[in-house]
Amino acid sequence: MALRILHGEFLSHHVGVMHHLLTPERLLSSVAARPALSTLIDGNISSANETSPPKILSPFRTGESDPQNHSESQLGRHYTIPEDIKQTIFKHGGLPKKFDELTHVFTETSIMVRKPFLEIKDYVKKIDFNRPAVRFVLYGETGQGKSMTLAHVVHYGFNAGFLLVHVPWVNSFMRKSKDISPSESKPGMLDVPINAAAWLVHFRAQNQHLLQKLDFKTSKSYQYGPRDTIDAGAPIEELIEFGVGRAKYACDVVEDLLREVKSASNSGLFKTMVVIDGFNGLFSPFMKTLRMKKKVIHQRCTLALPFLEISRFDWCNGVVVLSVDKHAHTDPFNAESALPLYLLGKEGWEHLDPFIPINVEEYNTAETNSALDYYIDRRWIQHPGAQSESGRAELRAMCGGNGLELLKLCAPL
Amino acid sequence: MSLLSVSRNPLKGLKPVRIQFVWNHAIRLSSGTFGTDNMDAGEEFRQLELKPTRTREKFQRKKAPVHMIMPRDYKRANKIDPDNVDWKSIWPGPRTFDPNAIPIPVRQGRLKPKQRAFGKTANLELMKIPTFFHLTPPAIKAHCEELKKFCTPFPSELDTKEKCEKHFPLTVITNDYLHAAPTIRDPLARIVTIKLKLKDIPLDEHARDKLMRIIKDRYDEKTDTLTIVTDRCPLRKQNYDYAQYLLTAIFYESWTVEEWEASKTEADMEHYVWNRNTSSKALASILNWTPDKLGKSIFHDPLPEDKLKPEHHAYGKAVKNIVEGETEEGWSQYKKAAVQVLLRQ
Amino acid sequence: MENCMLRDDKFMDHGFMKREPKNTLAREHFENGKMNSISLLLRSNLRFSSIHNKSVVAYSSQAAKENVTIKKKKPISRAMRAYIDRVKQFEENLIVESKEYSDGKRFLANIMGEDPAHFTPKDVDKSVEYLLPSGLFQKLARPEMAPPEETIEKAKFDINGRPFHFLFYTGASHLYETQFETVKRINRAEKLLEQIHRKGHTPEKENKMDLVTSEWQDISEMEKTINESIRDDHFEQTMQALERLAQHPMSGHFKDFLMNYRKATTVNMTEMVFPEIQQDPDGRYSVQHTTKRKTAVATVTIRSPGEGKFVINGQPGLLYFSDVGAREHVLFPYQVTGLMEKVDTEVTVEGGGFNGQSGAIRYATSLCLAALVDEQGRVKLQLAGLLRRDPRVKERKKFGKAGARRGYTWLKR
């Protein structure tokens with residue numbers, strides 16, 4: 001498999017850029033290999049376009065845009081998320097900020113198919129959905145692709161018909177909450193109404209199509225204010241709509257909504273996929289930077305509770321995919337290790353154990369080459385020196401297999 | 001003719017300066033005839049000054065004679081024969097550098113880098129240095145020769161290191177300091193260090209655990225050595241006694257079992273035992289879970305020993321590994337075990 | 001001057017003789033350690049004379065006396081007379097001091113229990129350091145005992161008041177002598193060239209000096225060579241003349257002269273010691289070396305053949321350095337030798353900052369690679385300046401300054 005990729009990589013840049021480095025025999029062999037490129041086209045694409053002449057794809061790409069069909073053969077290649085799906089699931093966040101900016105430059109949203117995603121996909125297939133929810137924890141150094149893998153997983157869950165409970169970044173409300181107010185329902189705790197309402201919007205956008213199809217109704221009536229009640233048996237959209245409209249109660253609505261989601265999937269109405277990025281942020285002290293630039297450490301945030309609740313194993317028909325990150329740690333700049341036990345702490349460990357840890361490793365050579373080819377293709381790398389073999393070798397060594405580092409290094413090239 | 005006598009003259013109204021001026025002028029005019037012996041060979045021709053310029057002689061302070069107060073034994077060094085000197089008797093103890101007693105042209109101190117350094121006489125810099133003239137190699141040798149008669153030979157039976165360690169398990173370390181300063185005392189000499197290998201003292205599991213908690217970082221795991229350093233008393237003997245007391249006290253303290261030791265919680269345990277911890281309870285809860293138990297996460301009952309399968313044991317082992325120190329390998333082991341336990345095979 | 005001549009005998013009777021008691025007084029003072037003032041006096045007229053390894057024969061005081069008595073009638077200026085006095089005094093002091101030194105040396109040898117016959121000036125220094133252990137930082141400020149011939153400066157004039165050096169009155173005698181000698185050689189070179197041209201030949205390449213293997217001394221080195229302080233513009237003039245000679249087609253004839261003012265650039269490769277190559281149990285070759293830079297110490301092990309893996313202090317990849325420049329530092333020797341992604345590297349580094357550490361690694365790597373590559377590769381490494389230790393260290397902070405050079409911010413009071 002790796003050989004095939006290497007071969008492809010060899011074709012792509014050697015034929016295009018590195019004529020002078022090739023010996024005559026090598027050049028001949030690569031020209032001879034040219035017709036073989038058509039074999040690299042994905043099966044279903046070619047079958048779909050049988051009448052039209054087959055579109056030749058570069059070997060760092062795959063035409064398979066459905067993550068459900070991704071397999072070992074696509075390993076290290078980029079697939080493109082269709083624009084409409086991207087607008088549905090990532091409109092309110094979910095892609096790392098740096099990458100999201102680049103999608104405008106690249107005029108497409110392409111993610112590399114990598115091993116951690118395929119592992120999760122295989123494990124999800126093996127899950128017995130009558131058993132308690134299985135938790136996966138992604139870990140690895142910053143910039144190695146945890147969030148990208150989660151984005152891939154979200155796309156997979158969306159295509160596979162899961163109800164998505166997706167938190168793009170926990171510390172957006174645990175560290176940098178927009179607004180803060182004391183909770184009425186839980187004395188001594190604090191609400192983050194704007195963040196909660198924003199999350200409800202995100203949830204609604206991601207699951208609109210499912211909610212319309214499903215017969216998902218509230219199991220009991222909810223009383224928020226003297227005149228704000230949701231009756232039992234009301235469609236769940238009504239609850240969401242109420243939360244979005246009345247931000248004051250948004251935190252309580254999130255809690256009730258997730259409880260409803262949990263019980264509904266427990267009863268087998270649908271399957272749920274919980275995806276939370278920077279999960280260890282939930283166990284760090286809740287902070288709020290005030291106007292006076294002082295950090296105030298409060299008690300727990302009310303919005304953290306429902307996400308902690310839904311990441312337990314006491315329900316079925318659910319998959320929980322989490323990530324732990326140095327950046328979500330209490331002291332992000334002095335985090336000593338990227339391993340889960342250190343980042344989760346005792347509380348988090350006891351909350352999650354047992355779970356399936358998934359290591360998001362650095363790029364191997366083939367993956368780095370694929371990324372470089374993709375950047376050259378998207379004209380993110382324009383410098384001829386960086387496109388030469390020696391330049392690529394330098395970039396491979398300099399980035400140390402870290403995707404984010406590679407992105408930064410290539411930015412001025 | 002002095003000016004003073006002029007002032008006593010009947011010519012009282014005349015100012016003395018005026019007289020002096022006239023006198024000077026007269027001398028100047030007549031210098032050609034009788035002033036030759038004052039002139040040096042290389043001096044220029046005389047000049048006729050028609051309008052003599054008034055030159056006031058610069059007032060010069062007379063240089064005071066230098067009265068150097070020389071020490072009694074000034075130039076004592078001259079009497080020393082460099083080839084045949086009994087230096088130990090001349091310079092028996094510590095003393096400041098004395099330029100007159102030491103016959104070497106040593107120099108120190110410069111104003112500019114390329115200049116020559118100042119000589120040894122009255123050179124403060126040389127006197128600041130604590131000298132070693134009393135501790136020359138021959139002097140040290142002589143001292144050692146004198147001390148030799150007080151020494152005893154090392155016991156021949158203790159010929160190997162093992163034998164030494166067996167018969168003398170306790171090592172006491174003290175430091176003595178040798179100074180060029182006038183005092184023979186050093187505050188650091190009071191510090192006493194005792195070292196002991198823990199295998200040499202009888203300890204059971206409880207006592208060892210308790211001892212570890214008492215001695216904390218004074219124990220070195222690599223060498224199995226306990227090190228106690230005492231420095232709080234002013235005298236070495238007191239510190240030594242105190243170290244002995246500490247050793248005795250911690251030994252007996254570690255053997256006593258107090259009542260409150262029974263109320264040790266899981267956090268106080270020295271080893272992680274999986275079956276006592278939440279991890280095993282969580283696993284039991286997952287295995288016994290049914291959909292009607294929604295909202296009940298942990299049932300507070302670990303699995304009984306007989307119901308534990310090999311994969312559960314493997315999982316417990318992996319958890320123990322991680323809790324006692326997480327590594328990449330530990331996590332891959334844990335992953336294997338967790339997949340075995342959680343997923344359909 | 002006529003006048004002076006007439007009075008010469010008088011001087012002999014009075015001036016010189018009268019000063020005799022004064023001289024004894026001076027000797028007394030000198031013996032009491034007041035030599036300094038006298039040597040200062042001397043220095044006003046006496047300068048260094050041993051330059052270009054040409055030793056000026058010191059004249060004896062006896063000769064001086066004879067001179068004076070024979071040339072009684074000759075005019076002698078007062079300044080000259082004073083000079084003669086001082087020279088006489090100086091001679092006497094030198095004798096006394098030499099005796100003191102040799103006596104002191106024997107005394108030291110005896111009290112240190114050594115053999116006086118084989119007691120070298122080095123042993124003297126050692127025993128002075130042992131007996132008078134000064135804690136002063138500057139070595140020049142510590143006690144010393146040197147032979148008087150080394151420290152006392154010698155006369156520059158002969159007894160007639162004529163300077164020994166023919167260019168003494170230029171103020172920069174040795175520099176001008178160098179220029180003079182250079183121009184003389186340029187003229188000679190022109191003549192040689194002319195001879196060749198007259199024969200109808202062209203000068204061969206061998207006649208020109210090889211200027212690649214050596215370079216010009218800088219101003220401070222030049223000052224040491226000619227034992228004289230040099231002004232910047234004088235230095236430039238001299239360099240121009242020397243350069244003209246060096247560039248001359250016949251400069252090979254004057255190589256010995258020119259090499260006085262040049263230093264070798266390339267270290268002799270055959271003399272360089274490279275780390276040993278060892279064979280590992282797995283069949284690979286490995287080289288290990290430890291080097292320093294600033295305060296960093298790096299131990300590098302290179303294994304060949306490899307895949308270009310890096311492990312720095314147990315951390316895979318080059319991302320141990322967050323600084324991109326430091327990573328480039330480390331990669332440079334591989335790029336020079338073309339061993340990029342062909343060997344594996346393991347590094348242990350401690351101390352210093354990232355620059356020092358990367359520099360230390362680079363130096364150690366270069367030496368290891370030099371052991372692995374052929375002669376050509378070594379030359380490449382050397383030309384890149386990689387086989388020389390970087391001697392630069394942090395400049396110390398000065399009092400009254402914010403750092404080494406920077407002043408404190410000026411505040412208007």
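Buried area is the accessible area, taken with a 1.4 Å probe, that two parts lose on being put together, summed over both. In this predicted model, local features need pLDDT of at least 70 and side-chain atom pairs count only at pLDDT 80 or more, while totals for chains, interfaces and linings use all residues. Residues are numbered from 1 along each chain as its sequence is written, chains are lettered from A, and side-chain values use heavy atoms, with hydrogens and water left out.

Chain A holds 17 helices and 13 strands, which are DSSP runs (helices H or I, at least four residues; strands E, at least two) numbered from the N terminus. Of its 413 residues, 58% count as buried, that is, under 20% relative accessible area with a 1.4 Å probe and protein chains only.

Between chain A and chain B, about 2800 Å² of area is buried, and carbon and sulfur atoms give 64% of that area. On the side of chain A, A:Phe313, A:Asp314 and A:Pro354 lose the most area to chain B, together 20% of what that side buries. In terms of contact (heavy atoms within 4.5 Å), 33 residues of chain A meet 30 residues of chain B.

One salt bridge is counted between the two chains, where the term stands for a side-chain nitrogen of Lys or Arg within 4 Å of a carboxyl oxygen of Asp or Glu; it joins the side chains of A:Glu119 and B:Lys335 at 2.4 Å, N to O. Several elements of chain A each supply at least two residues to the side that touches chain B, among them helix 6 (115-126) and strand 13 (356-359), but helix 13 gives the most, with five residues.

Methods. Buried < 20%, exposed > 50% of the residue type's maximum accessible area, 1.4 Å probe, protein only.
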